[in-house]
Amino acid sequence: MMKKINAMKLAMLGAAAVAAFAITGCGGSDNKAASKPAQAESPLMHKIKSSGKLVVGTASGYPPYEFVDTSAGEKKVIGIDMELAQKIADKLGVKLEVQDMNFQALLSSLTGGKVDMAIAGINPTDERKKSMDFSDNYLPTEQKVIIRKADADKFKKVEDLYGKTIGVQKSTTQEALAKDQIKDANIVGLAHVPEVVLELKQGKVDALVVEGIVGEQYVIFNNDLMFSDIKFPNAVKNSAAALPKGNEDVAAVVNQVIKENTDNGNFKKWTEEYSKKAVENADKK
């Protein structure tokens, strides 16, 4: 009888030990998982969340991407890129603050930490990638040449522009393209596209190299201007948002917003809406 009782005690003790081990094992696993550090936020993400705002730098005067709404008393910067910026701020759950400046100052403001990101129809070139990161591409467009209608028979191919005076927006891929593709050209770079358009209209430059989507606005509301038939090789340009290096979590949010608004047709809608708005603004001047 004693042997039977001892056997029963041993069995009970064994079961208790197994149960205790199971409980301890589960607890240990939970503690280990709980103690595993979560992936740290990037410096930019921490800054945005802490301040409760996303500071986006842009360069107006580049319709339909970004331009000043002259119909509004507050002179607000609007356009495709500003819609994108607002969607990114919404996704991050913060307010949007826009800082408008010339394009040349924009990129240095980004690398200098004065803005959180730059959205201004920026082409992600290899040279720029050395000092900043870029989101996925959006809105591919061809680079074109605007000339005076009076010169329609004069400038029909790239070679016709050799040695001529060519207007561009300073520090842009259009400036780089003109320098690379138009031999012996005198390149005149100004801070804003409207300034270069005025130079063209006044005969101070022979042609203007510009992004196709942007150029359409100026051709529409300047009856004396037109697109030339000139074609550049590899002239399709993509735009992307620029960010300080090493902020992959913020870039992932931007890429998600770009994909969502490409898939749902918003970029196309915004292009049509702000192209029309840019012409209306010009008509009121």
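This is a predicted model: local features need pLDDT of at least 70, side-chain atom pairs count only at pLDDT 80 or more; totals for chains, interfaces and linings use all residues.

Q: How many helices and how many strands does the protein chain have?
A: The protein chain counts 285 residues, of which 44% are buried. Among its contacts between residues at least 6 apart in sequence, 73% join residues at least 24 apart. The secondary structure of the chain comprises 10 helices and 12 strands.

Q: Which element gives the most residues to the lining of the largest cavity?
A: The lining consists of 13 residues, and Tyr 62, Phe 103, Ala 120, Gly 121 and Thr 172 are those nearest the centre of the cavity. Two elements, β5 (117-122) and α6 (173-181), each give two or more residues to this lining. With three residues, the element that gives the most is β5.

Q: How many charged residues does the lining of the largest cavity have?
A: The lining of this cavity is made up of 13 residues. Sorted by class, five of them are nonpolar and six are polar. The number of charged residues is two.

Q: Which strand gives the most residues to the lining of the second largest cavity?
A: The second largest cavity has a volume of about 40 Å³. Its lining includes Tyr 62, Gln 169 and Thr 172, and also Leu 208, Val 209, Val 210 and Glu 211. By class, this lining has five nonpolar, three polar and one charged residues. Residues 207-211 form the strand that gives the most, with four residues, namely β10.

Q: Which residues of β10 point the opposite way from Ala 207, Val 209 and Glu 211?
A: Strand β10 is mostly covered, as five of its five residues are buried. Ala 207, Val 209 and Glu 211 point one way from the strand. Those that point the other way, likewise buried, are Leu 208 and Val 210.

Q: Which residue stands opposite Val 210 in β10?
A: Strand β7 (residues 138-148) pairs with β10 in the antiparallel sense, over four bridges. The residue that stands opposite Val 210 is Lys 144.

Q: In which sense, parallel or antiparallel, do β8 and β10 pair?
A: Gly 167 stands opposite Leu 208 in β10. Strand β8, residues 165-169, pairs with β10 over two bridges. The sense of this pairing is parallel.

Q: Which element gives the most residues to the lining of the second largest pocket?
A: This pocket has a volume of about 180 Å³. Among the residues that line it are Lys 76, Met 82, Glu 83, Leu 96 and Tyr 274. Two or more lining residues come from each of β3 (77-78), α3 (80-92) and β4 (95-100). The element that gives the most, with three residues, is α3.

Q: How many nonpolar residues does the lining of the second largest pocket have?
A: The lining includes Val 77, Ile 78 and Val 98. By class, two of the lining residues are polar and two are charged. The number of nonpolar residues is six.

How values were computed
Residues are numbered from 1 along each chain as its sequence is written. Side-chain values use heavy atoms; hydrogens and water are left out. On a 1 Å grid over the protein atoms alone, a cavity is a set of points where a 1.4 Å probe fits but cannot get out, and a pocket is an open set with protein on both sides within 12 Å along at least five of seven lines; lining residues have an atom within 4 Å of a point. Ala, Val, Leu, Ile, Met, Phe, Trp, Tyr, Cys and Pro count as nonpolar, Asp, Glu, Lys and Arg as charged, and the others, Gly among them, as polar. Grid points are joined across faces, edges and corners, and a volume is the space filled by probe spheres set on the points. Buried means under 20% relative accessible area, exposed over 50%, partly exposed in between (1.4 Å probe, protein chains only). Two strands pair if DSSP finds at least two bridges between them. Contact means heavy atoms within 4.5 Å.
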